[in-house]
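Morning, everyone. Please put the structure up on the screen, and I'll walk you through it.

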Amino acid sequence: MSAIMKIRLIVMLNNEIQHVNGMISNESLWALGSSSEEDSRMHANNMSDLEEYKSLLLKMKEKVEREEEFNV
């Protein structure tokens, strides 16, 4: 992978990670304002899914940063 491609991929992953962090924060606020246990549980599940997605993004970013060559 060229240096330009690597930088662009890292920037893209960083942007997505920031976006997911914002979504997690929003879900947290929605959970706090939920009027029912069911709604609160739904938002907690959403946060859990987003945390898992974020974890995968971070692993991908780490792999890209380590790799000198990246075969798609």
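Let's start with overall shape. This is a predicted model. A compact globule of 72 residues would have a radius of gyration near 11 Å, but this chain comes out at 16 Å. Now look at the box. Taken along the principal axes, the C-alpha atoms fill roughly 50 × 15 × 15 Å.

What is the chain built from? It has 2 helices and 0 strands.

Take helix H1, residues 3-32.

Next, burial. Of the 72 residues in the chain, 18% are buried. Which residues of H1 are buried? They are Ile10, Leu13, Ile17, Val20, Ile24, Glu27 and Ala31. And what do they pack against? Helix H2, residues 37-66.

Here is a general point. In soluble globular proteins, nonpolar side chains tend to be buried together.

The largest nonpolar core has 8 residues: Ile10, Leu13, Ile17, Val20, Ile24, Leu50, Leu57 and Val64. The largest share, 5 residues, comes from H1.

Let's zoom in on one core member, Leu50. What does Leu50 touch, leaving out residues up to four places away in sequence? Val20, Met23, Ile24 and Glu27.

Is Lys61 buried or exposed? Buried, because its relative accessibility is 18%, and the cut-off for buried is under 20%. Leaving out residues up to four places away in sequence, Lys61 touches Ile10, Leu13, Asn14 and Ile17.

Second, Leu58, also found in H2. Leu58 has 37% relative accessibility, so it counts as partly exposed. Along the chain, Leu58 and Asn15 are 43 residues apart, while their C-alpha atoms are separated by 11 Å.

Let's go back to the whole chain. Take the contacts between residues at least 6 apart in sequence: 70% of them join residues at least 24 apart.

Last, the surface. The chain exposes about 5600 Å², and carbon and sulfur atoms supply 54% of that.

To recap: 2 helices, with the buried residues of H1 packing against H2, and a largest nonpolar core of 8 residues. Thanks, everyone.

Conventions
Residues numbered from 1 in each chain as written. Predicted model: local features only at pLDDT ≥ 70, side-chain atom pairs only at ≥ 80, totals over all residues. Heavy atoms only, no water. Buried < 20%, exposed > 50% of the residue type's maximum accessible area, 1.4 Å probe, protein only. Helix = DSSP H or I, 4+ residues; strand = E, 2+ residues; numbered from the N terminus. Contact = heavy atoms within 4.5 Å. Core = buried A, V, L, I, M, F, W, Y, C linked by side-chain atoms within 4.5 Å. Rg over C-alpha atoms; globule rule 2.2 N^0.38 Å. Areas by Shrake-Rupley, 256 points an atom, 1.4 Å probe, with all protein chains shown as cover.
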